[in-house]
Amino acid sequence: MHLAAYPRVRLGHFPTPLEFMPRLSAHLGGPNLYIKRDDCTGLATGGNKTRKLEFLVADALARGADTLITQGAVQSNHARQTVAAAAKLGLRCKILLEERVSGAGPEYDESGNVLLDRLLGGEIVARYPAGTNMQAEMEKLADALRGDGRKPYVIPGGGSNPVGALGYVACAQELLNQSFEQGVRIDHVVHATGSTGTQAGLVVGLAAGNSGIPVYGISVRAQRDIQEDNVWRLVQNTLDFMGLPAAAAKRSDVVANSDYVGAGYGVPTEAMIEAIRLTAEHEAVLLDPVYSGKGMAGLIALIRAGHFKKGENVVFVHTGGAVGLYGYRQIF
């Protein structure tokens with residue numbers, strides 16, 4: 001996999017640290033827990049979308065774009081990082097927000113990522129009710145901008161398409177290199193899975209690299225069959241985009257456990273609150289309430305259930321987003 005063949009704009013701080021979590025590991029009494037600190041990518045408080053945006057924005061620039069368009073939930077980490085990338089490169093950025101969490105209150109509506117969207121110079125075009133076809137709304141906006149002589153580039157929610165997934169193919173390679181350099185045998189990789197690009201990229205990078213390391217996604221939104229089908233579709237499209245054989249990954253490589261979503265996307269759960277508190281108090285690592293908090297809640301529950309064994313080395317990929325905590329202050 002020759003990733004240097006693809007256009008890339010340097011936006012983040014890489015490699016991100018791979019750190020052992022000794023106190024949380026001891027507290028849970030299960031496997032050895034490591035954390036891949038993709039909250040430390042450095043772009044306006046960082047997060048996993050920075051890796052994807054390095055390839056997506058490079059593609060936008062290669063196409064002569066002057067405006068980025070993207071969408072996400074109100075407290076979207078992806079929207080904030082896209083606005084930050086645009087600011088860094090002198091592009092305009094328009095974001096469309098979907099109100100997926102009802103009745104969350106003024107802090108959710110205006111603080112955290114929303115505050116940073118505005119501070120970074122992004123334009124919040126509109127807020128749409130949950131269930132809106134956001135891709136169609138972005139395309140309508142792009143058509144209107146073209147009519148005004150602009151050159152828009154539409155980035156799907158989460159940056160999750162084959163171009164964006166390259167960022168996590170690169171992360172998989174980075175993780176394997178750190179495993180070698182630190183002498184740490186990785187038995188499992190676990191992370192929160194939502195828009196599918198992170199998981200698809202990791203699966204392609206680890207499976208096509210013949211690493212033998214399974215990727216375990218903890219879904220934060222969709223039910224298991226839907227999430228796994230969506231991830232698998234992007235895995236196949238990414239393999240095709242990279243010119244890799246379809247057989248380089250198998251459908252069984254895609255696992256997305258949806259047992260820890262709770263009442264819905266962005267809706268707090270007691271397990272998520274506990275996971276955030278435990279990780280903060282034992283390791284001074286801040287998770288977010290929507291993605292990494294529920295991902296860690298799933299990992300903790302699976303450890304308690306004996307799914308991961310004592311002596312195994314489990315890497316949790318921290319996808320960032322701690323700024324979203326400010327939108328959930330009341331639950332803490």
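Residues are numbered from 1 along each chain as its sequence is written. In this predicted model, local features need pLDDT of at least 70 and side-chain atom pairs count only at pLDDT 80 or more, whereas totals for chains, interfaces and linings use all residues, and side-chain values use heavy atoms, with hydrogens and water left out.

**Domain arrangement and interface**

- Contact joins 37 residues of domain 1 to 29 residues of domain 2, where contact means heavy atoms within 4.5 Å.
- About 2,700 Å² is buried between domain 1 and domain 2, with 61% of it on carbon and sulfur atoms; buried area is the accessible area (1.4 Å probe) that two parts lose on being put together, summed over both.
- On the side of domain 1, V9, L11 and Y265 lose the most area to domain 2, and together they supply 21% of what that side buries.

**Polar and charged links between the domains**

- Between domain 1 and domain 2 there are 2 salt bridges, each being a side-chain nitrogen of Lys or Arg within 4 Å of a carboxyl oxygen of Asp or Glu.
- R8 and E54 form a salt bridge in which the closest N and O atoms are 2.6 Å apart.

**Composition of the domain 1 side**

- The elements giving two or more residues to the side of domain 1 that touches domain 2 are α7 (162–182) and α8 (197–208); helices (H or I, at least four residues) and strands (E, at least two) are DSSP runs, numbered from the N terminus.
- With 5 residues, α7 gives the most to this side.
- By class, this side of domain 1 has 16 nonpolar, 16 polar and 5 charged residues. Ala, Val, Leu, Ile, Met, Phe, Trp, Tyr, Cys and Pro count as nonpolar, Asp, Glu, Lys and Arg as charged, and the others, Gly among them, as polar.

**Backbone features**

- The peptide bond from F14 to P15 is cis, with omega near 0°, and P15 lies in the segment before β1 (18–20).
- T196, in the loop between β7 (188–193) and α8, has a positive phi near 90° although this residue is not glycine.
- T196 is buried at a relative accessible area of 9%, buried meaning under 20%, exposed over 50% and partly exposed in between (1.4 Å probe, protein chains only).
- A284 also has a positive phi, near 55°, in a residue other than glycine; A284 is in the loop between α10 (270–283) and α11 (292–304) and is exposed, with a relative accessible area of 66%.

- A65, in the loop between α2 (49–62) and β3 (67–73), counts as buried because its relative accessibility is 11%.
- Not counting residues up to four places away in sequence, A65 touches A60, L91, K151, P152 and Y153.
- E137 belongs to helix α6 (residues 134–147), and its side chain makes a polar contact with the side chain of K140 (3.2 Å).
- Leaving aside neighbours within four places in sequence, E137 is in contact with L96, Y128 and T132.

Notes. A polar contact is a pair of N or O atoms within 3.5 Å; within protein, one must be able to donate a hydrogen and the other to accept it, and residues adjacent in sequence count only if both atoms are side-chain atoms.
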